[in-house]
Amino acid sequence: METETATRWLTDAEQCAWRTHLEVNRLLTYQLERDLQPFGLTMNDYEILVNLSESEGVRLRMSDLAAATLQSKSRLSHQITRMENADLVRRENCESDRRGLYAVLTDHGLETMKKVAPHHVASVRRHFMDLLSPEALEELHKSLQPIAEHLRGQRGKP
């Protein structure tokens with residue numbers, strides 16, 4: 001027999017903070033996505049380009065890239081196909097594991113990244129960083145860090 005526990009409803013202050021967080025997250029994602037549109041990129045495209053550009057040999061195993069971008073392998077495969085068609089990435093076989101594949105940043109993908117990154121950083125500054133004082137930014141980081149650590153620990157758990 002299950003024991004019923006009382007729901008811990010959010011207080012007014014908690015509800016306000018939660019809803020503000022959700023609204024900021026949605027609005028910021030929308031705006032950053034909008035600012036990438038002139039370059040023909042989505043936030044997912046940009047995140048993949050960043051991960052590949054920062055990896056050794058500008059390549060990552062598809063499974064590692066899926067984990068880094070929090071995408072299913074199937075969704076990432078479709079995303080990579082689109083990006084291959086735009087000559088941003090290519091797939092390469094993994095010599096050590098016949099079943100494995102790498103996503104590799106192409107020269108065009110690297111040039112695109114170099115062209116888009118300054119605009120994206122300016123967008124992040126304009127819509128987020130420059131709206132916070134250094135003290136508020138430090139406090140925000142300290143506040144979000146335990147949540148990030150908790151959620152990273154939850155990955156892969158039911």
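# Notebook: pocket, salt bridges and backbone

I began with the lining of the largest pocket, whose residues divide into 17 nonpolar, seven polar and two charged. The model I am reading is a predicted one, and I looked at local features only where pLDDT is at least 70.

**Entry 1, the largest pocket.** I looked up the volume of the largest pocket and noted about 1100 Å³. I then asked which residues come closest to its centre. Of the 26 residues in the lining, His21, Asn25, Leu28, Phe128 and Leu144 are the closest to the centre. I also listed the elements that give two or more residues to this lining, and they are α1 (12-36), α2 (43-53), α3 (62-69), α5 (107-127) and α6. I noted that α1 gives the most, with nine residues.

I found Leu144 in helix α6, which runs over residues 134-154. Is Leu144 buried, partly exposed or exposed? I recorded a relative accessible area of 42%, so Leu144 is partly exposed. On the surface, Leu144 forms a nonpolar patch with Ile147 and Leu151, and I noted about 270 Å² of accessible area for these residues together. Because a patch takes residues with over 30% relative accessible area, the 42% of Leu144 is enough on that count.

I looked up how many salt bridges the structure holds, and the count comes to seven. I went through some of them by partner.

I took the pair of Asp45 and Arg82, whose side chains meet in a salt bridge at 3.0 Å, N to O. Asp45 lies in helix α2 and Arg82 in helix α4, so this pair ties together parts that are 37 residues apart in sequence. I compared the cover of the two partners and found Asp45 buried, with a relative accessible area of 1%, whereas Arg82 counts as partly exposed at 43%.

I turned next to Lys142, which forms a salt bridge with Glu139, the closest N and O atoms being 3.9 Å apart. Why are these two separated by about one helical turn? I noted that Lys142 and Glu139 are three residues apart in helix α6, which accounts for that separation. Glu139 is partly exposed, with a relative accessible area of 43%.

I then looked for salt bridges that share partners, and I found Arg59, Arg90 and Glu92 joined by them into one network.

Which value does Val58 take? I read a positive phi of about 45° for Val58, although it is not a glycine. Val58 lies in the loop between α2 and β1 (59-61), and with a relative accessible area of 24% Val58 is partly exposed.

I noted a further case at Asp87, which has a positive phi of about 60° and is not a glycine either. I placed Asp87 in the loop between α4 (73-85) and β2 (89-93), where Asp87 counts as partly exposed at 42% relative accessibility.

I looked up Leu101, which is found in strand β3 (residues 101-105), and I noted that the C-alpha atoms of Leu101 and Arg61 are separated by 5.7 Å while the two residues are 40 apart along the chain. Leu101 counts as partly exposed, at 31% relative accessibility.

I then took Gln37, which I found in the loop between α1 and α2. How far apart in space are Gln37 and Lys73? From C-alpha to C-alpha I noted 25 Å for this pair, which is 36 residues apart in sequence. Gln37 is exposed, with a relative accessible area of 53%.

Note on methods: Residues are numbered from 1 along each chain as its sequence is written. This is a predicted model: local features need pLDDT of at least 70, side-chain atom pairs count only at pLDDT 80 or more; totals for chains, interfaces and linings use all residues. Side-chain values use heavy atoms; hydrogens and water are left out. Patches are made of residues with over 30% relative accessible area and no salt bridge: like charges are joined within 9 Å, nonpolar side chains (Val, Leu, Ile, Met, Phe, Trp, Tyr) within 5 Å. Accessible areas come from the Shrake-Rupley method with a 1.4 Å probe; for residues, only the protein chains shown count as cover. A salt bridge is a side-chain nitrogen of Lys or Arg within 4 Å of a carboxyl oxygen of Asp or Glu. Helices (H or I, at least four residues) and strands (E, at least two) are DSSP runs, numbered from the N terminus. Buried means under 20% relative accessible area, exposed over 50%, partly exposed in between (1.4 Å probe, protein chains only). On a 1 Å grid over the protein atoms alone, a cavity is a set of points where a 1.4 Å probe fits but cannot get out, and a pocket is an open set with protein on both sides within 12 Å along at least five of seven lines; lining residues have an atom within 4 Å of a point. Grid points are joined across faces, edges and corners, and a volume is the space filled by probe spheres set on the points. Ala, Val, Leu, Ile, Met, Phe, Trp, Tyr, Cys and Pro count as nonpolar, Asp, Glu, Lys and Arg as charged, and the others, Gly among them, as polar.
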